[in-house]
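I opened my notebook with the sequence and the structure side by side. My notes follow in the order I looked things up.

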Amino acid sequence: MIRAWWLGLQAREQRMLTIGAVIVALLLGWALLWYPLARARSGLESRIAGQRNDLAWMRQALGQARELHAQGARGRADRQGKSLLALADVTARSAGLAGALKHVEPAGGNGVRVSFEIADFDTLIGWLDALARDYGVQTTDFSADKVEGLGLVNARVTLEDSVR
């Protein structure tokens, strides 16, 4: 049926239909294959550029982190030769916890257990924060019991050097 229709067309009509079919095939190939692939490639190129920017930022941040770590290590080393036991005692007293400080004793290989009675909770937390920030000492165990008075606690704290 299609063959009979085709053979019934004049040579000029057959040529026009053949050229039209080739043009339609090229346009469909471009629309269905080339254009989506080119668009996907462009998207991937922009993702790669973004990831390269992220990598450059991460490398810069790594350098800054290493520098800050080195500064922190220097700050932690600035204890004037004090052991963690002496450091806990001196800093607790200078933080205003001298009256509440009851015991400072070794706990394990590189730890210290500190006990307070009737200590101001906010001052105690400030002292722990200063130890972590200034000397790299971390709190590994903390327990507190409320006592009579606003913001007062009995507390037991175990401290350890975060850098050994």
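Which residues does leucine 9 touch, not counting residues up to four places away in sequence? I found Gln14 and Leu17; contact means heavy atoms within 4.5 Å.

I noted the ground rules next. This is a predicted model, where local features need pLDDT of at least 70 and side-chain atom pairs count only at pLDDT 80 or more, while totals for chains, interfaces and linings use all residues. Residues are numbered from 1 along each chain as its sequence is written, and side-chain values use heavy atoms, with hydrogens and water left out.

**Leucine 9.** I placed leucine 9 in the loop between helix 1 (2–7) and helix 2. Helices are DSSP runs of H or I with at least four residues, strands are runs of E with at least two, and both are numbered from the N terminus. Leucine 9 counts as buried because its relative accessibility is 17%. Buried means under 20% relative accessible area, exposed over 50%, and partly exposed in between (1.4 Å probe, protein chains only).

**Leucine 32.** I found leucine 32 in helix 2 (residues 11–77). Leucine 32 has 62% relative accessibility, so I logged it as exposed.

I traced an open sheet of 4 strands in the order 1-2-4-3, with antiparallel pairing. Strand 1 (101–106) and strand 3 (137–146) are the edge strands, each pairing on one side only. Two strands pair if DSSP finds at least two bridges between them. I then followed strand 3 to strand 4 (residues 152–161): 9 bridges join these antiparallel strands. Serine 143 has arginine 156 in strand 4 as its bridge partner.
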